[in-house]
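Here is a short report on how one chain packs.

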Amino acid sequence: MTILQQSHIQTTTGREALKQVLAWFDQFQAEAVPHDVWLQCQLALIEGFTNAIRHAHQGLPEDTPIELEVVLSPQVIDIRIWDHGPGFDLESVLRCKLATTNAQSENGRGLKIMHMVADTLSYEPTADQRNCLHIQKRY
């Protein structure tokens, strides 16, 4: 696979870190990526990062790191977000959210949005006691 661009960033769990993440993600507005696809991926990134802060890192110190990586290759954007939370079964939670979440729902829309944007969506534990959310979008 040819990599056009790749970048990695580590932030804290504080909500103000989202601004840093969005500024970092701006570098992936490449000519090769259709603007609507980039915007969809930006939205999925926001939802995934916000979920890491709100859910995975709930109760953890604000200096608990969240790591992100984006790999841009011809026709694919891969986004990975690593958290230190307890993890959860994405497939079963997603099935429930897809069945019960609508536009008026107070919460739960983030997973549904990521599911709609991504061609591949997974959330798996890693060998180093973290979890990795993987969002892949083909264009």
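## Basis

This is a predicted model, in which local features need pLDDT of at least 70, side-chain atom pairs count only at pLDDT 80 or more, and totals for chains, interfaces and linings use all residues. Residues are numbered from 1 along each chain as its sequence is written, and side-chain values use heavy atoms, with hydrogens and water left out.

Helices (H or I, at least four residues) and strands (E, at least two) are DSSP runs, numbered from the N terminus.

## H3 against H4

Helix H3 spans residues 90-100 and helix H4 residues 109-117. They pack at about 100°, their axes 9 Å apart. Axes are lines fitted to C-alpha atoms, for helices over the stretch in contact; angles run from 0 to 180 degrees between N-to-C directions. H3 and H4 are therefore roughly perpendicular (65 to 115 degrees).

From H3, Leu90, Val93, Leu94, Lys97 and Leu98 meet Leu111, Lys112 and His115 of H4. Contact means heavy atoms within 4.5 Å. The residues split into five nonpolar, one polar and two charged. Here Ala, Val, Leu, Ile, Met, Phe, Trp, Tyr, Cys and Pro count as nonpolar, Asp, Glu, Lys and Arg as charged, and the others, Gly among them, as polar.

## H2 against H4

Helix H2 (residues 35-56) also packs on H4, at about 145° and with axes 9 Å apart. H2 contributes Gln40, Cys41, Leu43, Ala44, Glu47, Gly48 and Asn51. H4 answers with Gly110, Leu111, Ile113, Met114 and Val117. This contact holds seven nonpolar, four polar and one charged residue.

## The nonpolar core

The largest nonpolar core has 33 residues. Such a core is a set of buried Ala, Val, Leu, Ile, Met, Phe, Trp, Tyr and Cys residues joined through side-chain atoms within 4.5 Å. Phe25, Leu68 and Ile79 touch the most other members. Elements that each supply at least two residues include helix H1 (17-25), strand E2 (66-73) and strand E5 (131-138). H2 gives the most, nine residues.

Ile79 lies in strand E3. Its relative accessibility is 1%, so Ile79 counts as buried (under 20% relative accessible area, 1.4 Å probe, protein chains only). Beyond four places in sequence, Ile79 contacts Phe25, Cys41, Leu45, Glu69, Val70, Leu133, His134 and Ile135. Ile135 is 56 residues from Ile79 in sequence, yet their C-alpha atoms are 5.0 Å apart.

Leu68, with residues up to four places away not counted, touches partners including Val21, Trp24, Leu45, Phe49 and Ile81.

Note on methods:
Angles under 35 degrees count as roughly parallel, over 145 as roughly antiparallel, 65 to 115 as roughly perpendicular and the rest as oblique. Buried means under 20% relative accessible area, exposed over 50%, partly exposed in between (1.4 Å probe, protein chains only).
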